[in-house]
Amino acid sequence: MTKQKKTIRLVYPQWQGADIVRWIPEVKDPEQASRGYYLGAQLLNFLAPANGQDTFTVPVATDKTERKVTDGVLDKEVILAQTRAALDILMVQNPDRIVTLGGECSASVVPFTYLADKYKGDVAMIWIDAHPDITLPGDAYAGYHAMAVTACMGVGDKQIISELPARIASSNILYVGLRDWERDEIKVRQAQYGIRHLTPDEVREDSRAVSQWLKACGASKVLVHFDMDVLDPAEIIAAVGVVPNGMKIAEVVRVINDIAKEKEIVGLTVAEPMPRTAIRIQEMLHRLPLLNERNGASDMKKLS
């Protein structure tokens with residue numbers, strides 16, 4: 001008898017890995033803008049199909065504390081604590097497959113390295129994203145979400161990397177939808193790592209280039225990271241990034257489903273939802289009488 005595989009849903013509303021306030025000026029409160037990914041993860045879970053999967057939520061701090069860079073990583077201590085909390089959930093539950101709803105891009109790091117360890121490196125990682133996410137501590141940008149791929153490779157802050165169960169070889173990583181390197185040294189670094197990429201135009205009509213790469217890679221299982229900023233802002237603005245000429249929703253869905261036809265997807269992350277309109281509605285609701293009263297007393301504290 002074939003053992004049924006255990007799939008869990010991991011809600012991972014980590015926001016501390018990003019420093020994005022300046023890119024969403026329509027949200028006037030910087031505290032609310034910073035924590036937008038927290039609300040975004042909750043909305044993804046609410047909108048996702050109710051399919052009976054066991055769902056676990058990584059405890060993520062929402063306290064208003066001073067944000068600081070330690071060893072080149074913004075909010076490093078909080079990220080370390082949340083990394084350990086996510087790993088604790090996975091070690092207890094021992095899933096075979098994980099659907100992760102983030103949160104910023106670093107929400108993939110723990111589940112993907114857990115799965116790489118579980119399957120003894122027999123995994124390919126397809127990173128569907130506008131950006132390569134291979135920055136390092138000490139680079140111009142200290143947000144950990146931009147270090148997500150390098151962290152999966154076992155490169156980066158030594159303390160964070162030491163917590164992760166495994167490393168994914170750069171030869172087993174493919175970018176899809178990549179179109180914004182932000183800085184020249186990132187493009188150079190990608191070449192040094194030897195990570196191949198496909199632009200939105202290269203997967204516009206079909207998924208053959210992805211299929212060919214998968215066959216050449218040889219891994220039997222696949223981890224798929226879907227960053228919502230890969231989407232074309234002319235069709236939908238669902239993330240912080242709004243770089244033009246991205247992938248259409250139908251193209252992303254087709255690519256992921258075509259991957260599933262080729263190989264077994266054991267990890268799927270949807271990340272970087274920035275619900276700009278929902279945040280503004282939330283701010284509005286917190287300013288209305290009666291709605292912001294708690295136990296008969298006015299309380300203007302925001303909940304997210």
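The legends below describe several views of a predicted model of one protein chain.

Residues are numbered from 1 along each chain as its sequence is written. In this predicted model, local features need pLDDT of at least 70 and side-chain atom pairs count only at pLDDT 80 or more, whereas totals for chains, interfaces and linings use all residues; side-chain values use heavy atoms, with hydrogens and water left out.

**Figure 1. The whole chain.** The protein chain contains ten helices and twelve strands; helices (H or I, at least four residues) and strands (E, at least two) are DSSP runs, numbered from the N terminus. Its C-alpha atoms fill a box of roughly 65 × 50 × 40 Å, taken along the principal axes. The radius of gyration of the protein chain is 19 Å, which agrees with the value near 19 Å for a compact globule of 304 residues; the radius is taken over C-alpha atoms, and the globule rule is 2.2 Å times the number of residues to the power 0.38. Of the 304 residues, 54% count as buried, where buried means under 20% relative accessible area, exposed over 50%, and partly exposed in between (1.4 Å probe, protein chains only). Among contacts (heavy atoms within 4.5 Å) between residues at least 6 apart in sequence, 74% join residues at least 24 apart.

**Figure 2. Confidence along the chain.** The mean pLDDT of the protein chain is 94, and 96% of its residues reach 70 or more; pLDDT is the predictor's confidence in each residue, from 0 to 100. Over residues 298-304 the pLDDT is below 50, and this stretch has 19 contacts in the model beyond near neighbours in sequence.

**Figure 3. Strand E1 and its two partners.** All six of the six residues of E1 (residues 7-12) are buried, so this strand is largely enclosed by the rest of the structure. Thr7, Arg9 and Val11 are buried on one side, and Ile8, Leu10 and Tyr12 are buried on the other. Strands pair if DSSP finds at least two bridges between them. E1 runs parallel to strand E5 (residues 97-102), with six bridges joining the two, and Thr7 stands opposite Arg97 in E5. E1 also runs parallel to strand E2 (residues 54-57), to which four bridges join it; here Val11 stands opposite Thr57.

Figure 4. Six bridges connect E6 to strand E9 (residues 221-227), which runs parallel with it; the partner of Met125 in E9 is Leu223. Four bridges connect E6 to E7, again in parallel, and Ile126 has Leu174 of E7 as its bridge partner.

**Figure 5. The nonpolar cores.** A nonpolar core is a set of buried Ala, Val, Leu, Ile, Met, Phe, Trp, Tyr and Cys residues joined through side-chain atoms within 4.5 Å. Of the 61 residues in the largest nonpolar core, Met125 and Val149 touch the most other members.

**Figure 6. Helix H2 and its surroundings.** H2 has twelve residues and reaches 16 Å from its first C-alpha to its last, close to the 16 Å expected at 1.5 Å a residue; the expected span is 1.5 Å times one less than the number of residues. Gly36, Tyr37, Tyr38, Leu39, Gly40, Ala41 and Leu44 of H2 are buried. The cover over the buried residues of H2 includes E1, helix H1 (30-34), E5, strand E10 (264-271) and helix H10 (276-285).

Figure 7. Gly102 and Gly103 are joined by a cis peptide bond, with omega about 25 degrees, and Gly103 lies in the loop between E5 and H4. Lys120, although not a glycine, has a positive phi of about 55 degrees. Lys120 is found in the loop between H4 and E6 and is exposed, with a relative accessible area of 77%. Leu290, likewise not a glycine, has a positive phi of about 70 degrees. The loop between H10 and strand E11 (293-294) holds Leu290, which is exposed at a relative accessible area of 68%.
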